[in-house]
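Reader: I am new to this structure. Please show me how to read it, one feature at a time.

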Amino acid sequence: MRIMGLDYGDKTVGVAISDELLLTAQPLETIQRERPAKLRKTFARIDTLIEEYQVDRIVLGLPKKMDNQEGERCERTREFGEMLAKRTGLEIIYQDERLTTKEADAVLDEGGVRKENRKEYIDKLAASLILQGYLEMIAQ
């Protein structure tokens, strides 16, 4: 079994997947949405990936503010997580995602990815950083 990591945003959902030993997280894909309220195709794609990779739980990045408070973005993320749990029947684990997008941007910068090309990679890389943080936490 594997764990899926998600970086939920208004227009995209970054997706990452763990290896079977739960040691590493790999960026998988970025699911694009036309509008924030349009989730049917997003859920359908997540369902397909859950089946394909035999996922048994999901780690969802929680975008807390720097002072550790939860704002409107956290509320929307939790609503998405609740819908996802009902649809999939899987446990949803919320993982603090503060600064993961900035970290992903720095990794892409170090890798020489041009700024105009980073949009293609940043959400799935952020999802992998969220998931990797969780994997390291459970390994302790």
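Predicted model: local features only at pLDDT ≥ 70, side-chain atom pairs only at ≥ 80, totals over all residues.

Reader: Which side chain meets R76 in a salt bridge at 2.8 Å, N to O?

Author: Side chains of opposite charge can pair when their charged atoms come close. The cut-off for a salt bridge is a side-chain nitrogen of Lys or Arg within 4 Å of a carboxyl oxygen of Asp or Glu. Here the partner of R76 is E72. Both residues lie in helix α2, four residues apart, about one turn of the helix. E72 is exposed, at 56% relative accessibility.

Reader: What does D10 pair with?

Author: D10 forms a salt bridge with R76, and their closest N and O atoms are 3.4 Å apart. D10 sits in the loop between β1 and β2 and R76 in helix α2 (residues 72-88), so this pair ties together parts 66 residues apart in sequence. D10 is partly exposed, with a relative accessible area of 36%. Put together, D10, E72 and R76 form a network of salt bridges.

Reader: How many salt bridges are there in the whole structure?

Author: A search finds seven. One of them joins E20 to R2, with the closest N and O atoms 3.7 Å apart. E20 lies in the loop between β2 (12-18) and β3 (25-32), and R2 in strand β1 (residues 2-8), so the pair ties together parts 18 residues apart in sequence. E20 is exposed, with a relative accessible area of 57%.

Reader: How many helices and strands does the protein have?

Author: Helices (H or I, at least four residues) and strands (E, at least two) are DSSP runs, numbered from the N terminus. This protein has four helices and five strands. Along the sequence, the pattern is β-β-β-α-β-α-β-α-α.

Reader: How much of the protein is buried?

Author: Buried residues make up 44% of the 140 residues.

Reader: What does the C-alpha trace span along its principal axes?

Author: The span is about 40 × 35 × 30 Å.

Conventions: Residues numbered from 1 in each chain as written. Heavy atoms only, no water. Buried < 20%, exposed > 50% of the residue type's maximum accessible area, 1.4 Å probe, protein only.
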